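Please examine the sequence and the structure shown here. The paragraphs that follow go through selected features in turn.

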Amino acid sequence: MNIVSLSAGCCLFATGPLTEPVGVVHYLIVGAILFTAGVVCMALKRNALGVLMGIELVLNGANLNFVAFSSPYLRGAGSATLGLDGQVIALFVILLAAAEAAVALAITLNFYNNHSTVDIDRADDLKG
Amino acid sequence: MNSVSDLGSIVSRSLHDTLALSLPLFRPELCLAVTVVLLLLCRMLPVLKMLDSAWVALGGAAFALFYAWSDLRGLPGWLGGDALASRQEIFTGLLVFDSLTAYIRLLLMAFLVLYIPFTKVSGIPDREDGADFYTLVLGATLGMCLMASANHLLMVFMAVEMASVPSYALAGLLKGRRASSEAAIKYAVYGAGASGIMLYGMSLLAGLLGSCHLPTMARQLAGLAGAIPAGNLGGVEMVLVLGGLMLAVGLAFKLSAVPFHFWCPDVFEGAAAEVGGFLSVASKTAAVALLLRIAFGLGMPVAVLPGADSSSALAGQAAALQGALLGDARHFMVATIGLMAALTCTLGNLAAYGQNNMKRLLAYSTIAHAGYLLMGVAAAVALSGSHPASARTAVSAVAFYLATYLFMNLGAFAIVAFLRNALRSEEIASYAGLIRTSPGIVVATGVVLVSLIGLPPLAGFWSKFLIFSALVEAISLSAERPLMLVLLVVGGLNTVFSLYYYLRVLKVMTFDPLPADRPGEALSLVSFPGAIVTALAVPVVMLGIFWSGLYACAQLAGAFAS
């Protein structure tokens, strides 16, 4: 994922990313790293809270993309930006992430009450 | 620049847009929102605590159903008129009101009006949990209405979250049960992960196309090939494909399409049958509508600016349809949706074979039906580029399927819930010999399950028939012919596979000996539960015989694809 998104950045700005002043590519790279870290966290963590943190990282990676894409300063003159849309989306995503985390934490607490653990791998009663 | 008067004109314009144009087309959603607030208020006031929350919710849903019905009747194509697309963007382009919005909204409201009495009679939620339960159900349905009318990536994400987050809580409704809390945590973790990945895909697509407004994105896509140096086009296409696939992850999760179906059986088995019915019918309906929105929104640019000259817009649309990247995008969407459809259908049907728990069997049946629905969507998208009229027919087939699916699947879940109350079990084996004590319920189960198989003369036959005829039409017009041929064969074979496991349930109910300890009649049709089951099973028979009225409505919904 990381490499693919890097090349995504390179496509937008065909020049080398490290010799240019800070532009949208750099933000995309940070976003891609956050996204990758989040996906790895979701896939490898056994603790439900760890998985939820991974989800937050993914959402923040996407948020960073939206904000970077919406900035006319980063994208240079003349190229299309998302404008205010990107920033508004980022704000809404922060809100939704909080709501989702609240519900997910409540569910985790309920899971703990019934199973005395928050280990996701122990949720294996249902299968077939 | 005179910024003060600019601001004033912006405010007055957005006020006009909101109050005069948008809100009148948003009445069903407003009814739901008001009902949610009422439900919450009722708990705070001691006087109103006496009021049963189910009736409050039912009243709100009935008002919403009335407005949704009058919206559908108000469409220009109603009753034999020219079924032209009546597309109207509301709330500054965030949502769109057209025949698909009106039709799906009507389905969701009709679902609520049937669903709330069913949950009231079945006893889950109990009176204590009622207010929570109906708040969550109505809130999730509000999100599903928005899914059906989303026209902007922000609304797509918001609507998916609004529909999902209450559903996570609903899955964990039976707080003290191990299985229920396990179902809830699996659903929440997988669901939140899928929506996070979907959001990242959206950010890539939006950044590349410079807009979040779906029709504008489609126009950008059409113009993209010319705007980018030839050497970079491959990279751009790769990012588009990546973003599209990530978006598809979120949609496939909502649809429970393979390979993102694994949550579905666990959640359905762990959660109460009532919640399973909600997720299986309402959530699926909204997800299919959202898929149609996104596929047609990105694949077919329409005249977007309100007040734009329609003839020049049509010419622009015709030119844009020829755009090379747009054709590629449609081809990519058809391939993705078609592949998922074939896998989903086959896996759902094959995995249903070994199931002993009725809720789990219905979960796999839900997955299989998502596959049939995806086949219709794939045919519609394949036809949309070259043959808009046939694409409309394919969309109407999907819309018709969704309506019949509401009755058959809600009926199946209602039977599971009532039999659970009577027999204290959801295992198929515990249904043995039911025909000797309660023949009425066995007949109702037979009607519902045979309709799910798709045998005439029941409603399920016509919905499958319409989907397959859409595939045949795509083959005969050679739109994506090889894939459509594969889908037709897979769909036909799967219908045959599905005979066995649905009929096995009926076989247990009729031929297996009655257990000695069964106390008398399990469930009579002359009772409140029996009335609910009858109310759901009779439309399955009636729609099988008198299907033309519903099909006319579905054709109206199909008119959105033009």
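In chain B, helix α9 (residues 233-255) packs against helix α11 (residues 273-299) at an angle of about 150 degrees, and their axes are 8 Å apart. Helices here are DSSP runs of H or I with at least four residues, strands are runs of E with at least two, and both are numbered from the N terminus. Axes are lines fitted to C-alpha atoms, for helices over the stretch in contact, and angles run from 0 to 180 degrees between N-to-C directions. Since angles over 145 degrees count as roughly antiparallel, α9(B) and α11(B) are therefore roughly antiparallel to each other. On the α9(B) side, Leu251(B), Lys254(B) and Leu255(B) meet residues of α11(B), among them Ala287(B), Leu290(B) and Leu291(B); a contact requires C-beta atoms, placed from the backbone, within 7 Å.

The model is predicted: local features need pLDDT of at least 70, side-chain atom pairs count only at pLDDT 80 or more, and totals for chains, interfaces and linings use all residues. Residues are numbered from 1 along each chain as its sequence is written, while chains are lettered from A and ligands numbered from 1 in the order in which they are written.

Apart from neighbours within four places in sequence, Ala378(B) is in contact with Val334(B), Ile337(B), Gly338(B), Ala341(B) and Leu487(B).

The contact between the chains takes 42 residues from chain A and 41 residues from chain B. On the side of chain A that touches chain B, the largest share, 16 residues, comes from α5(A).

Some backbone details of chain B remain. The peptide bond from Val258(B) to Pro259(B) is cis, with omega near 5 degrees, and Pro259(B) lies in the loop between α9 and α10 (263-270). The bond from Pro456(B) to Pro457(B) is likewise cis, with omega near 5 degrees. Glu480(B), in the loop between α18 and α19 (481-510), has a positive phi near 55 degrees although it is not glycine.

Key. Two residues are in contact if their C-beta atoms, placed from the backbone, lie within 7 Å. Angles under 35 degrees count as roughly parallel, over 145 as roughly antiparallel, 65 to 115 as roughly perpendicular and the rest as oblique.
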